[in-house]
Amino acid sequence: MIKSKFNVIGVMSGTSLDGIDLVFATFDYDNAWHFEINHAETIAYNNEWHQILKNLVLYTSDKLLQIDKDYTVYLSNVIKSFIQKNNIKNIDAICSHGHTALHQPNEKLTYQIGNQPNIAKLLNNKVVCDFRVQDVNLGGQGAPLVPIGDKLLFSEYDYCINLGGFANVSYEAENKRIAFDICPINIVLNHYVKQLGFDYDDEGKIASTGTINNKLLKQLNALDFYKEIPPKSLGLEWVNSHVFSLINSYNLEVKDVLRTFVEHAAIQIANIIGKENQKLVLMTGGGVYNKFLIERVKQHSKNKIIIPSKTIIEFKEALIFGFLGVLKLRDEINCLQSVTGAKKDHSSGEIYLS
């Protein structure tokens with residue numbers, strides 16, 4: 001008989017480099033999936049790891065492999081500390097995304113560090129990880145992976161949007177799940193606000209004092225990515241080559257860069273969720289705390305924006321990676337063809353035994 005109740009740890013590290021998100025959650029299936037988050041915590045990166053992770057796309061393959069090994073050990077120590085701190089027992093599996101080093105699906109390439117097979121022995125636990133590779137090998141984008149969780153855990157919402165390093169969306173259309181990256185968010189905003197000595201723009205206050213550069217805004221909105229049809233996904237490489245270079249060519253004050261980019265992101269998000277009045281839009285991720293960004297999205301769309309509890313805002317992605325692991329353990333679909341563009345729906349990820 002297939003097990004219907006799982007206690008798992010979900011682990012996520014995103015492109016905005018906020019830190020490692022960990023949740024200990026219980027998933028229970030009874031005609032539908034239910035979840036409970038028992039413990040949740042974010043462990044911030046120290047300066048050394050922050051610098052290493054920020055520059056992953058620049059390293060040689062040999063250097064990257066060594067970083068992968070080191071990060072796997074580091075990640076296992078972070079997870080062990082989380083388990084000990086919360087006195088967690090009876091873990092069915094640890095389900096980890098790792099951290100994206102390279103993501104070029106059109107070149108059949110995606111690489112997440114922290115997924116070395118020895119992680120299971122380091123943790124003395126079953127580990128489910130490396131969820132993207134199989135999808136890319138099947139012709140998919142390898143992203144986004146969260147929509148299966150949106151579909152099965154948050155089905156009451158018309159749109160689920162996560163505002164992290166990138167904004168991404170998922171929703172049902174014609175009886176299938178559609179999902180894709182909308183635009184960069186924190187990966188750009190945090191990059192520029194660091195020039196002022198801040199890690200992030202608190203509540204968007206600095207952006208709110210800036211002035212929109214309409215020429216730059218027009219060029220950002222005209223980027224080819226926004227004309228492409230889903231499935232589609234973004235990575236740091238794209239931001240480096242298409243966004244930073246464009247913004248830097250204007251030589252603007254930081255507050256004006258932030259103001260212009262917030263407007264750009266708000267327009268792109270509103271373009272996706274549409275202008276209807278009655279649609280429910282769940283918004284999660286660190287970008288939700290940028291009140292100015294949320295205000296601008298509301299100005300461009302008449303839909304109802306729902307901001308959930310702090311735990312869901314901050315840990316929804318880690319929760320869902322835990323859920324992806326549960327589906328993999330049940331040998332059930334956790335990667336949707338309609339979302340990634342792969343040849344078929346499939347159950348993705350590697351299972352490593354301790």
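## Helix H6 against helix H9

In this predicted model, helix H6 (residues 186–193) passes helix H9 (residues 236–248) in a right-handed crossing, a crossing being right-handed if the near helix is turned clockwise from the far one by less than a right angle, and left-handed if anticlockwise. Helices (H or I, at least four residues) and strands (E, at least two) are DSSP runs numbered from the N terminus. The two helices pack at an angle of about 50°, with their axes 11 Å apart, and that makes H6 oblique to H9. Axes are lines fitted to C-alpha atoms, for helices over the stretch in contact, and angles run from 0 to 180 degrees between N-to-C directions; those under 35 degrees count as roughly parallel, over 145 as roughly antiparallel, 65 to 115 as roughly perpendicular and the rest as oblique.

On the side of H6 the contact (heavy atoms within 4.5 Å) is made by Ile-187, Val-188, His-191 and Tyr-192, and on the side of H9 by Leu-236, Val-239, Val-243, Phe-244, Ile-247 and Asn-248. Eight of the residues in this contact are nonpolar, two are polar and none is charged, where Ala, Val, Leu, Ile, Met, Phe, Trp, Tyr, Cys and Pro count as nonpolar, Asp, Glu, Lys and Arg as charged, and the others, Gly among them, as polar.

## Basis of the model

Residues are numbered from 1 along each chain as its sequence is written, and side-chain values use heavy atoms, with hydrogens and water left out. As this is a predicted model, local features need pLDDT of at least 70 and side-chain atom pairs count only at pLDDT 80 or more, whereas totals for chains, interfaces and linings use all residues.

## Helix H8 and the surroundings of H9

Helix H8 (214–221) also packs against H9, at an angle of about 165° and with the axes 11 Å apart; H8 and H9 are therefore roughly antiparallel to each other. Leu-216, Gln-219 and Leu-220 of H8 meet Val-243, Leu-246 and Ile-247 of H9 in this contact, whose residues divide into five nonpolar, one polar and no charged.

Within H9, Trp-238, Val-239, Val-243, Phe-244, Leu-246 and Ile-247 are buried, that is, under 20% relative accessible area, with exposed meaning over 50% and partly exposed in between (1.4 Å probe, protein chains only). The cover over these buried residues includes strand S9 (166–173), strand S10 (176–184), H6, H8 and helix H10 (254–273).

## The six-stranded sheet

An open sheet of six strands, with mixed pairing, has the order S3-S2-S1-S4-S7-S13; two strands pair if DSSP finds at least two bridges between them. S3 and strand S13 (350–352) are the edge strands, each pairing on one side only. Helix H2 (residues 61–85) packs on the sheet and touches strand S1 (5–13), S2, S3 and S4, its direction making about 60° with that of S2.

Strand S2 (residues 20–29) and strand S3 (residues 33–43) run antiparallel and are joined by ten bridges, with Phe-24 standing opposite His-39 in S3. These two strands form a hairpin with three residues between them, and Asn-31 in the turn has a positive phi of about 70°. Strand S4 (residues 93–96) and strand S7 (residues 127–129), by contrast, run parallel and are joined by three bridges, Cys-129 in S7 being the bridge partner of Ser-96.

## The five-stranded sheet

Five strands form another open sheet, in the order S10-S9-S8-S11-S12 and with mixed pairing. S10 and strand S12 (304–306) stand at the edges with a single partner strand each, so one side of each is left without a neighbour in the sheet. S9 and S10 pair in the antiparallel sense over eight bridges, and Glu-172 stands opposite Arg-177 in S10. Helix H12 (residues 310–329) lies across strand S8 (159–163), S9 and strand S11 (280–284), running at about 80° to S11.

## Loops and backbone exceptions

Most residues other than glycine have a negative phi, and most peptide bonds are trans. Asn-175, in the loop between S9 and S10, has a positive phi of about 65° although it is not a glycine, and it is exposed, with a relative accessible area of 78%. Asn-90, in the loop between H2 and S4, likewise has a positive phi, of about 55°, and is exposed, with a relative accessible area of 65%.

The peptide bond from Ala-143 to Pro-144 is cis, with omega near -15°, and the bond from Pro-230 to Pro-231 is cis, with omega near 0°; Pro-231 lies in the loop between H8 and H9.
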